[in-house]
Amino acid sequence: MEREQLKTELKQHIIKYLNLLEKTPADIIDDQPLFGDGLGLDSIDSIELVVLLEREYGIKINDPKDGRKIFTSINTMVDYIIANRIK
Amino acid sequence: MFVHQSSCISPQHTFGTTDRETVVAPENNILKVIEPKYDGIPLNMLRRMGKAVRIGVGAAMPLLRQKQNLDGIIIGTANGGMEDCIKFLNQVMEYDEGRLTPTNFVQSTPNAIAAQVGLTSVNNGYNITHVHRGLAFENAMLDAMMMLNDNPDATYLLGGVDEVSSYNYNLERLDGWYKKEKIDGKDLYAKQTNGSIAGEGSAMFLVNNKSAGAILKVQAIQMLHTKDSVEVSSKLNEFLEKWGHHDVFFSGENGDARIQSFYDGCENLLNGSVTKLHFKHFTGEHPSATAMALWLACNFLETQKIPGHFFKGNPNQNPFKSILIYNTGKGMQHSFISLTKS
Amino acid sequence: MGRVFVTGMGVISAIGDSLSSSRSALLKGVSGIAPADLVQSKYAGTLRFGEVKMENEKLREISGVNRAGVTRTSLLALHAMNDAVRDSGWDSSFLNSYDTALIGASTVGGMCQTDELYRDAISETNGSAYTSSYDCASVTLFLREQLGVKGVTNTINTACSSSANAIMQGVQLIKNGFAKRAIVGGVDSLAKFTINGFNSLGILSPGNCRPFDKERNGLNLGEGAAFLILEREEDMKNKKVYATVSGYCNSNDAFHPSSLSENGEGPYRAMKGAMEKAALSPGDIGFISTHGTGTENNDEVESKAMMRIFNNVPPFASSKSKIGHTLGASAAVEAVFSIIGMQHGEIYPSLNFNTPIESTGLKPLTVHQKLDVKHIMSNSFGFGGNCASLIFSKA
């Protein structure tokens, strides 16, 4: 799958899993921080993203704390998915 | 205890532009809330909220704006969070206890309503959730009265919230608490068959011990657990001897033939001059429906106007200063609430 | 208005099914944490729990319950409540009076029957015997029916602080003249629903929980029930008395749905408020029964809150290292353990502690000690920021 296509798909998944109201993929900027000030996600969201990676891409992250580096931005997530996806 | 402000999100036009004359009919015997646009709730919080939390926080918002620095939040709910509960349960089963998303679990607890109201207003005060089914809201009222006794200068947010989720609707349906035949709201009382119609809603109040500027005074509450209608009538007699005549009897009768005798028994104790009203065609049957009855009572006492559809029998324009609400949950839990114009 | 006294207690947990067997276990420092045998869950054998090793049939037999549709939660509650009522020497005139209140607490309710709930929630035609037994109120209503209580009856759910609030409600009802006596407490049983809920948050320990330890890595779920009988001071002639409920406070952390704020505002206010209610100063508290779940968040925050209040933090320990986190029951169970200790002039240690948390340096009690404690503080902090602190004092 093309990187651009994967980014859009990932954004759609994130919007669905985290129920981001009134947001479309176009609203999520690729290198914007997902946590803290950027998209404003928190610790419960990081757990939801771990589940997203497992259900949609077959990637298991055993320690949720490892997730924080992977979830820095859309770009870092896409890099990780490309390198590790099973589905 | 005095009620100063009230707010209600319900299946009727009770929030924003209110209209008590119009009665929205049930759909397939369910009265579902009309949800407003939740302007005051940050999207980041709103996205996680289940229905009970949304309508609880939504109804609380106008009151939170009126009074910052509340001393506490006291909520009664029997079914709050059940929608999220079943969503989490479905995950448990679908993924065979594998890796699951936690939001539904965290939002499935009944105390999520009071917690989110506390979070939205950053309120560190007293925060409690009463879940005693058909007396959840009444217990919350009693708690507020006791807290005000202890803290006479305090103001609390008091509320009753319940939601119809697919889960609790089905359980109640299996237990025979809803009508099998399709019913229009206005026929609810006329057709005496088993069951009633389902409802949901959220009613919130600012309460304190100051009479100046209050809409009404909650004079007394009594709760009872019994299946004996003679005991109920006897206790009502005692209650009336202590608290006197009430101009209006606001009945929670709901068209369920099996429990009508409780309501009839209480009505028979009242003298003919008492105006008799009912509310379940407006609210639907749900454990904290008396919270919505209190909201209606606030409006009636303040405006001295009661829309015709609330009257049992012919409407009248008699002035009134006191209201007695009587409700029973499943013919087993009962409450009398005495209200007077402030 | 006079004081409110504790005149009877009953408890069941992973370390004992009575007051005397609980005390025995507390003295020996027994741990009830082990793989689960009875609860039906994929994690029963792999994670560790404070399970009550008594099957439902045995609980039914002891309490004489024959009818269908009674959940494990209700059975555990009945066991503890019956013991408490017997312990206080009550007769039926007390039970059947309109002046006797019953306040229960639970977070699981009948959802321990997770599989039945799933089926009933979608069933078109026939429900199981449990259709009216899933909510938390069903437990208190069952207890009420068993005892014939006629006074104010209520159920509280404020997550892990539920039974602390039930105890507070009982005290308030008596002080405000709405009851002359109250049966108060809480219960929770292990459930597939809750096991998975907590697991999804990543806060279950893969081994034994290690409250206040630098290497702590989560909590162990437990189950249990405890009830206390509260009565008015003016009715105390010739009555055995355990303690007074001298202080109590409910406060909200208002920070996050499932974790505590860094400086522990909710816990701090709850503890401070309880001491103000009891007209005590920090130096008066002889022992703290902490919430101490063994999670990274709770133990550090609770430590910081204690350090904000106490210049010298008194001896403290976590019962959860022995019985797991019994959720809605925890405040009541741990209150009973605290009162047992105070009655016998002893304090019980925390298990699995080695190295203190770096930012606090606090060390829980690790060995049993004889100590005459006059005032014990017992803390419970739940989801939704629902924090509660209780103080029991020697009568």
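**Figure 1. The buried residues of helix 4 of chain A in a predicted model.** In this predicted model, helix 4 (residues 74–84) of chain A has A:Ile74, A:Met77 and A:Ile81 as its buried residues. A residue counts as buried if 20 or more other C-beta atoms lie within 10 Å of its own, as exposed if 12 or fewer do, and as partly exposed in between, with C-beta atoms placed from the backbone. These three residues are on the same side of helix 4 of chain A, because they cover an arc of only 65 degrees around the axis. The arc is that of the directions from the helix axis to the C-beta atoms. An α-helix has 3.6 residues a turn, so residues three or four places apart point the same way. A:Ile82 and A:Ala83 are exposed on the other side of helix 4 of chain A. The buried residues of helix 4 of chain A pack against helix 1, helix 2 (43–57) and helix 3 of chain A. Helices (H or I, at least four residues) and strands (E, at least two) are DSSP runs, numbered from the N terminus. The model is predicted: local features need pLDDT of at least 70, side-chain atom pairs count only at pLDDT 80 or more, and totals for chains, interfaces and linings use all residues. Residues are numbered from 1 along each chain as its sequence is written, while chains are lettered from A and ligands numbered from 1 in the order in which they are written.

**Figure 2. Confidence along chain A.** The average pLDDT of chain A is 91, and 99% of the residues score at least 70; pLDDT is the predictor's confidence in each residue, from 0 to 100. Among the elements of chain A, helix 1 (residues 3–17) has the highest mean pLDDT (95), and helix 3 (residues 64–70) the lowest (82).

**Figure 3. The contact of chain C with chain B.** Chain C gives 50 residues to this contact and chain B gives 43 residues; two residues are in contact if their C-beta atoms, placed from the backbone, lie within 7 Å. Among the elements that give two or more residues to the side of chain C are helix 7 (162–175), strand 6 (243–252) and helix 9 (265–277) of chain C. By class, this side of chain C has 16 nonpolar, 27 polar and 7 charged residues. Ala, Val, Leu, Ile, Met, Phe, Trp, Tyr, Cys and Pro count as nonpolar, Asp, Glu, Lys and Arg as charged, and the others, Gly among them, as polar.

**Figure 4. The two domains of chain C.** Domain 1 (4–235) and domain 2 (244–393) divide chain C, with bounds that come from an automatic or database domain assignment. Their C-alpha centres lie 20 Å apart. In the contact between them, 64 residues of domain 1 of chain C meet 55 residues of domain 2 of chain C. Helix 7 of chain C supplies the largest share of the domain 1 side, 7 residues. That side of domain 1 of chain C comprises 34 nonpolar, 22 polar and 8 charged residues.

**Figure 5. The two domains of chain B.** Chain B is assigned domain 1 (2–208) and domain 2 (217–341). The centres of these domains of chain B, taken over C-alpha atoms, are separated by 21 Å. The contact involves 45 residues of domain 1 of chain B and 35 residues of domain 2 of chain B. Helix 6 of chain B gives the most to the domain 1 side, with 5 residues.
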